[in-house]
Amino acid sequence: MTSELLVQYLLSGITIGSVYAIVAIGFNIIYNATGIINFAQGEFVMLGGMIAVSCMPFMPLCLAVSCAVVVTALIGVLLYVCFFRWLKSPSVLRLIIITIGISILIREAALMIWGEQVRSLPYFSGNEISSIRIFGAYISPQVLWILGVVGIMVLLLNLFFAFTRMGRAMRACSANPTAATLCGINSQGMVAIAFMLSAAIGALAGCVMSPMTQTQYDSGTPLAVKGFTVAILGGLGNSTAAAAAGLLLGVVEALAVSILPVAYKDVIAIGLLLVVLAIRPTGLFTSRQAGTLKEF
Amino acid sequence: MRGRYTPLLILLGLVVGIQLATAVTGTAYFLTQLTMTAYYTLVVVGLCILMGYAGQISLGHAGFFAIGGYTSAYLTTLNLASGTHPSAVALLMRCGLIVPGHNLYGAELARLHPGVAFLAAVALTAGIAVIIVIPVLRLKGHYLAMATLGFGLIVYRVVLGTAGLGAADGLSDVPAFTLGAGITVTGGAGFRVVNYYVAWCLVSLGALLVLNLMQSRAGRALAAIHGNEAAAQAMGIDTAAYKLRLFVFSAILAAAAGALLTHYTGGIGPSEAGVMKSVRYVAIVAVGGMANLWGTIVASAILNFLSLRGYFGIYDDAVFGGILVFMMLFAPQGLMARETFAGLIAWVRRKGGE
């Protein structure tokens with residue numbers, strides 16, 4: 001393989017990997033706040049892309065994207081208010097089945113609204129054929145958009161959880177909801193915000209990736225499985241590690257496609273998930289001791 | 001012990017009653033969907049005890065079903081006549097393991113006996129289930145659900161991406177499976193009634209197997225695991241081994257159902273391996289109630305039949321998604337559970353008292 005080709009594969013891997021990282025961070029935000037793995041996480045990404053595409057005829061691109069993010073965030077809050085808010089200490093099995101049911105309902109609703117057609121947003125700058133040369137490889141300007149938006153999102157989220165009052169309150173809730181409530185934190189409100197935030201970043205990722213990967217009503221489930229793979233690789237709940245793991249999975253997938261038929265692309269990622277679950281369910285970056293304290 | 005087999009007898013009575021009713025009213029065409037329903041019910045029976053007793057959710061049962069179906073279909077449609085080892089083929093043919101024949105254009109065919117293919121399908125599925133389950137059963141809850149979902153997706157992608165398995169078209173022209181004594185698993189109209197009885201007898205047999213299993217030492221161990229896994233382990237029950245066996249057992253039921261349904265319909269497509277199929281099985285168990293064998297069989301019979309007859313129209317998948325959410329929110333014990341009725345009665349009383 002020539003070095004140019006290698007750079008090409010690496011860049012395409014990093015691009016798709018950063019989207020996986022965002023889905024994984026979405027998983028982590030809700031998991032940290034509630035202990036729920038939201039199987040409908042991939043649907044947020046799909047909804048973001050679809051809503052933005054629908055808004056395009058009526059408004060400029062940046063407004064359409066904002067609109068998609070806001071609407072998806074509202075859907076996220078709505079899910080919490082309608083389904084999870086009033087469940088009293090439900091079992092894990094029950095929660096899993098509810099989120100799976102929700103993901104199917106969202107997907108079927110999308111099928112009714114948008115049909116089976118594959119849709120995509122226009123390129124944010126330039127068009128399909130414009131390209132930039134980096135280290136001998138040609139990339140679309142959209143790649144820079146994806147990397148930039150994802151990078152800024154990860155940075156802002158880290159700042160949010162580390163320094164803002166609300167971010168710290170959310171962390172307190174995830175560490176110990178009872179103690180947080182005693183300190184005067186509205187823990188239910190924090191959970192609602194977690195759902196909103198998770199849906200919003202998923203939708204934004206869905207918008208920036210839409211021009212390159214396109215959006216279809218059923219594109220959510222594979223994204224959710226891969227996002228989950230990434231979340232596990234990084235150690236469930238650890239968002240910075242998830243970002244690194246996302247890039248890793250993206251690169252592995254891109255290199256695998258250079259050897260194997262494209263039809264088996266998803267098989268690699270999911271096979272990796274099964275292997276990681278078998279060998280190190282605590283994640284690559286977490287110590288085994290810390291992992292044994294968690295409930296699997 | 002009294003009344004243990006009563007539900008089974010009621011089931012058999014209903015099966016005969018429905019057949020007679022269709023014969024009298026001239027609606028024998030319903031039997032085709034009812035036969036397919038029976039095979040899907042067999043999958044659900046296995047999933048019901050897996051979810052109910054081992055507390056393990058599997059979102060990959062359509063994968064096992066598809067492995068069973070595809071293996072059977074692939075092996076029985078493979079033409080060995082033009083193969084590279086004619087002596088081996090001749091030897092197998094002498095043993096009766098290969099069925100000679102001619103295709104539509106008169107060319108010579110030599111196909112593997114469906115019985116051999118069936119055994120191979122079940123063995124392959126059991127092997128894959130063991131490989132999948134050993135690492136996976138160390139996991140609980142979310143991890144297990146995602147791992148089995150991932151397994152299901154892998155099967156779907158492989159089936160869809162492999163030209164030898166017909167890719168998006170699937171495999172068709174699967175020959176009939178003669179069980180002997182004039183019983184043949186095939187879709188022909190002449191065999192409709194026979195196949196209906198074969199399928200539902202298999203469901204009854206599966207139910208009987210489960211009933212007896214639950215009364216055995218293994219069943220009591222599983223019930224203990226269901227109650228409290230840590231306590232069961234402390235009592236000296238090898239929980240991992242029991243869960244593994246139960247998982248493999250339910251995978252085998254799914255594979256057998258897949259293989260037989262493939263012979264019945266004469267083909268199989270990638271949609272049988274789809275994630276939505278797996279979710280559908282889980283939804284049916286949710287309606288019937290986990291560990292509630294009879295509730296699940298009734299739920300499966302009704303929902304699968306309605307779905308196969310197309311009563312849900314374009315909302316087919318949405319109906320099952322909605323059922324899942326509704327059941328888990330309002331009646332996690334299943335529709336036919338005592339708790340649900342008690343809750344409903346209390347609710348009606350409360351409303352009435354206002």
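Of the 354 residues that make up chain B in this predicted model, 45% count as buried. Among the contacts in chain B between residues at least 6 apart in sequence, 77% join residues at least 24 apart.

B:Phe177 stands opposite B:Val185 of S5(B), and the two strands form a hairpin with 2 residues between them. Within that turn, B:Ala181 has a positive phi of about 55 degrees; as background, most residues other than glycine have a negative phi.

The other place in chain B is B:Ala337, found in the loop between helix H13 (316–330) and helix H14 (338–353) of chain B. Is B:Ala337 buried, exposed or partly exposed? With 18 other C-beta atoms within 10 Å, B:Ala337 is partly exposed, because the cut-off for a buried residue is 20 or more. Once residues up to four places away in sequence are set aside, B:Ala337 touches B:Gly289 and B:Asn292. Computed along the sequence, B:Ala337 and B:Gly288 are 49 residues apart, while their C-alpha atoms are 8.1 Å apart in space.

Buried residues make up 50% of the 296 residues in chain A, and the C-alpha atoms fill a box of roughly 60 × 50 × 35 Å along the principal axes. A compact globule with 296 residues would have a radius of gyration near 19 Å, so the value of 19 Å for chain A agrees with the rule. Of the contacts in chain A with a separation of 6 or more, 76% are accounted for by residues 24 or more positions apart.

How confident is the predictor in chain A? The mean pLDDT of chain A is 84, and 96% of its residues reach 70 or more. Over residues 291–296 of chain A, however, pLDDT stays under 50, and for this stretch the model has 6 contacts beyond four places in sequence. Leaving aside its neighbours within four places in sequence, A:Gly17 is in contact with A:Gly246, A:Leu247, A:Leu248, A:Leu249, A:Gly250 and A:Val251. Along the chain, A:Gly17 and A:Tyr31 are 14 residues apart, and their C-alpha atoms are separated by 21 Å.

Helix H6 (residues 165–175) of chain A has A:Met170, A:Cys173 and A:Ser174 as its buried residues. Seen down the axis of H6(A), these buried residues fall within an arc of 95 degrees, so they line one face of the helix. An α-helix has 3.6 residues a turn, so residues three or four places apart point the same way. The buried residues of H6(A) pack against H1, helix H5 (141–163), helix H7 (177–182) and H8 of chain A, whereas the face turned away from the buried side carries the exposed residues A:Arg165 and A:Ala175.

A:Gln214 lies in the loop between helix H8 (187–213) and helix H9 (220–234) of chain A. Its phi is near 65 degrees, a positive value in a residue other than glycine, and A:Gln214 counts as partly exposed because it has 14 C-beta neighbours inside 10 Å.

The last topic is the contact between the two chains, which takes 31 residues from chain A and 35 residues from chain B. On the side of chain A that touches chain B, helix H4 (92–114), H9 and helix H11 (265–279) of chain A each supply at least two residues, and H4(A) gives the most, with 12 residues. By class, this side of chain A has 25 nonpolar, 3 polar and 3 charged residues.

Technical notes. Residues numbered from 1 in each chain as written. Chains lettered and ligands numbered in written order. Predicted model: local features only at pLDDT ≥ 70, side-chain atom pairs only at ≥ 80, totals over all residues. Helix = DSSP H or I, 4+ residues; strand = E, 2+ residues; numbered from the N terminus. Buried ≥ 20, exposed ≤ 12 C-beta atoms within 10 Å, placed from the backbone. Contact = placed C-beta atoms within 7 Å. Nonpolar A, V, L, I, M, F, W, Y, C, P; charged D, E, K, R; others polar. Pairing = 2+ DSSP bridges. Arc of directions from axis to C-beta. pLDDT = per-residue confidence, 0-100. Rg over C-alpha atoms; globule rule 2.2 N^0.38 Å.
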